[in-house]
Amino acid sequence: MSHMSNYSSQSVKSFAMAVLKGFGCNEEEADIVADHLVDANLTGHDSHGIGMLPLYGEQILDGNLVPNQQPLLHDPIGAISVVDAQRGFGHRMALVALDHAMQCVPEHKVAILALRNSGHVSRVGTYSEYCAARGYVSIHMVNVVGHAPIVAPFGARESGFSTNPISMAMPVDGQATPLLDIATSTVAFGKVRVASNKGEKMPPGCLVDEQGLETLDPDPMAKERIGALSAFGAHKGSGLGIFVELLAGALASTDTVATMEHLPHGVINNMFSIIIDPAAFDSEEAVARRTMEFCNFIKEKQPAVGTESVLLPGDTELRNRQQRNDHGIPVDDETVRQIMDIAARFDLSAADTAALLSPVSQ
């Protein structure tokens, strides 16, 4: 089993920025991407944290990810905006695209965004938080093309779509409250990679083998793409994953996983977003008040036996962020080694880069 160390969030960001600048990202882009990855680690979404850097490096080497790219911003048609990210880093491309789309909100009270052909956008909850900070309700759906599908539709032994996440949030005092951020698979693929790196088994219900039978072993999927992830909630999660593919792929973009060519190390995201000004329905204060009245109603329910408290969507991320800010971000040695390996291919000094990681005393 790989050894775990806890590192300060600032040192993890400095480490990530050094690697990203080695990849060719300018200061602004490296800062945006590193912030996004570190925040994913802080919220407990290690599958979308700095462990993504080896994949990004491979994509750049293959020409499928372009540092410092300029997106193509199409003129809005009514409240609808289409943005072609031209395979730039999705963490920055998505923010530029949302800013472009939100220019429609003052007139239409709603904006609908089709972000196409983007590099990996990583943790989708980030974009719900971004919209909530501006006072907007938002819903985001992301499909994944450029590689073979990895999630088995309900009843299948073969994969038919990818993790196809959904995020949505209500704005209360500039915060996403509550915040739902889920894959339509039981887990994200990155969690399989993390389990494999740690030498751990997967929880039940997450993976099937090549026969469509449940397995707990992450290695065949993580290392050779043998087997598939399971959709959450049987036919219900499968149905949602299929509609994310249709809305983000067939409607908002030009490709679904059924038609997009498979690229070396390819991960191309398309994002379908709906951004809503709550002031079109009532005052922002009234909507926020009703939101909190309902949230408090849920939180006041008696917890089940053996459960500490009733959780709202986003509570776990808030708890993780507090704990990891206090005690550091856990990163396994195998993940650090993989990042060092890709950094070396960009002529970065392994010793100098690794020295940026500062362990937190326990």
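**Notebook: pockets, cores and helices**

I looked up the second largest pocket and found about 590 Å³ of space in it. I noted the rule: on a 1 Å grid over the protein atoms alone, a pocket is an open set of points with protein on both sides within 12 Å along at least five of seven lines, whereas a cavity is a set where a 1.4 Å probe fits but cannot get out. Lining residues have an atom within 4 Å of a point. Points are joined across faces, edges and corners, and a volume is the space filled by probe spheres set on them.

This is a predicted model, in which local features need pLDDT of at least 70, side-chain atom pairs count only at pLDDT 80 or more, and totals for chains, interfaces and linings use all residues. Residues are numbered from 1 along each chain as its sequence is written, and side-chain values use heavy atoms, with hydrogens and water left out.

I went back to the second largest pocket: 30 residues line it, and E129, Q175, A176, L179 and R321 are the closest to its centre. Elements giving two or more residues to this lining are α2 (27-42), α4 (90-102), α6 (125-132), β8 (175-182), α10 (284-299) and α11 (315-327). Helices (H or I, at least four residues) and strands (E, at least two) are DSSP runs, numbered from the N terminus. I sorted the lining into twelve nonpolar, eight polar and ten charged residues. Here Ala, Val, Leu, Ile, Met, Phe, Trp, Tyr, Cys and Pro count as nonpolar, Asp, Glu, Lys and Arg as charged, and the others, Gly among them, as polar.

**Cores**

Which residues have the most contacts inside the largest nonpolar core? I found L20, F23, I50, L53, Y56 and F89, in a core of 30 residues. Such a core is a set of buried Ala, Val, Leu, Ile, Met, Phe, Trp, Tyr and Cys residues joined through side-chain atoms within 4.5 Å. Buried means under 20% relative accessible area, exposed over 50%, partly exposed in between (1.4 Å probe, protein chains only). α1 (9-23) supplies the largest share of this core, seven residues. I then checked I50: leaving aside neighbours within four places in sequence, I50 is in contact (heavy atoms within 4.5 Å) with V12, F15, A16, L37, N41, V331 and I339.

**Helix α1**

I checked the length of α1. At 1.5 Å a residue, its 15 residues should span 21 Å, and the end C-alpha atoms are 21 Å apart, which agrees. The expected span is 1.5 Å times one less than the number of residues. Buried residues of α1 include V12, F15, A16, L20 and F23. Among the elements covering them are α2, α3 and β13. G24 follows α1 with a positive phi near 115°.

**Helix α7**

I moved to α7 (189-198) and found nine of its ten residues buried. F189, R193 and K198 are among them. These buried residues pack against elements including β1, β9, α8 and α12. Just after α7, G199 has a positive phi of about 75°.

**S238**

Is S238 buried or exposed? S238 is buried, with a relative accessible area of 4%. It sits in helix α9 (235-251). Beyond neighbours within four places in sequence, S238 is in contact with P153, F154, F161, A231 and F232.

**Cavity**

I found one cavity of 30 Å³ or more. The largest cavity holds about 110 Å³ of space. Of its 13 lining residues, N41, D46, P330, D332 and T335 are the closest to its centre. α7 and β13 each give two or more residues to this lining.
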